[in-house]
Amino acid sequence: MKELMDKITKSGHVLGEEVLKVDSFITHQIDPELMEKIGTRFSEVFSEAGITKVVTIESSGIAPALFAARKLQVPMVFARKSKSLTMDEELLTSSVYSFTKQVTSKISISRKFLNEKDNVLIIDDFLANGQAAKGLIELCQQAGANVDGIGIVIEKSFQEGRHLLEEMGIKVVSLARVTSLENGAVHFDQADA
Ligand code: 5GP
């Protein structure tokens, strides 16, 4: 998605050779117009798939997931990273190691929001080593739901995530594929959509 790649080039910041900071339009301040276009693109790719729910993880996946869900006219569910006091019902849970925070956290979704009739599109802001996506897939599996595919805003193709997900037989659609962050610059491969 050219507009996304242009925005990353213009407003993204490279931190070392592994981390891309996009806090001015995705992970802290959010660009609603760009997020709507991103969500729309995901909805177009998966328009014929019979998606019944969009699933993401708080917090930065919520904006693109919400726009995709709006276009697909289905609910969006986000996995919580900490248990809310009001979550007294049965939970689906899995563990996720965070690449950026370097801690393992438990994620959960209430069982009542995912079931075996669901055909899920998972959406997340970044794909690095695939741990967040894998945790979300596990939640869907616990519910007996099918994962139709994964939509990623920014894939870091030099890390293991895509390989891991494809080995699981999951379709990955990334709107920007970053091949390297060497010398402080962002280098792209051809995106999936
Ligand atoms: P993974 O689980 O695939 O290793 O990492 C995915 C999660 O880590 C994303 O949900 C995102 O929050 C965070 N993440 C991974 N790499 C980056 C990065 O380069 N920049 C930012 N801002 N977040 C990242």
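Ala, Val, Leu, Ile, Met, Phe, Trp, Tyr, Cys and Pro count here as nonpolar, Asp, Glu, Lys and Arg as charged, and the others, Gly among them, as polar. With that sorting, the shell around the ligand comes out as seven nonpolar, five polar and four charged residues. It's a predicted model, so local features need pLDDT of at least 70 and side-chain atom pairs pLDDT 80 or more, while totals for chains, interfaces and linings use all residues. Numbering runs from 1 along each chain as its sequence is written, and side-chain values use heavy atoms, with hydrogens and water left out.

**Around the ligand**
- The ligand is surrounded by 16 residues (a heavy atom within 4 Å), with Leu20, Asn129, Gly130, Ala132 and Lys156 the closest.

**Polar contacts (N or O pairs within 3.5 Å)**
- A backbone N or O atom sits 2.7 Å from a ligand oxygen at Gly130, and 3.0 Å from a ligand oxygen at Gln131.
- Lys156 brings a polar side-chain atom to 2.8 Å from an oxygen of the ligand.
- On its own the ligand has 500 Å² of accessible area (Shrake-Rupley, 1.4 Å probe), and the protein covers 88% of it.

**The pocket**
- The ligand takes up the space of the largest pocket.
- Ser98, Thr100, Lys101, Asp125 and Phe126 lie nearest the pocket's centre, among 32 lining residues.
- By class, that lining has 14 nonpolar, ten polar and eight charged residues.
- A pocket here is an open set of points on a 1 Å grid over the protein atoms alone, where a 1.4 Å probe fits, with protein on both sides within 12 Å along at least five of seven lines; lining residues have an atom within 4 Å of a point.

Technical notes: Polar contact = N/O pair within 3.5 Å; in protein donor to acceptor, adjacent residues only side chain to side chain. Sits in = over half its atoms within 2 Å of the grid points.
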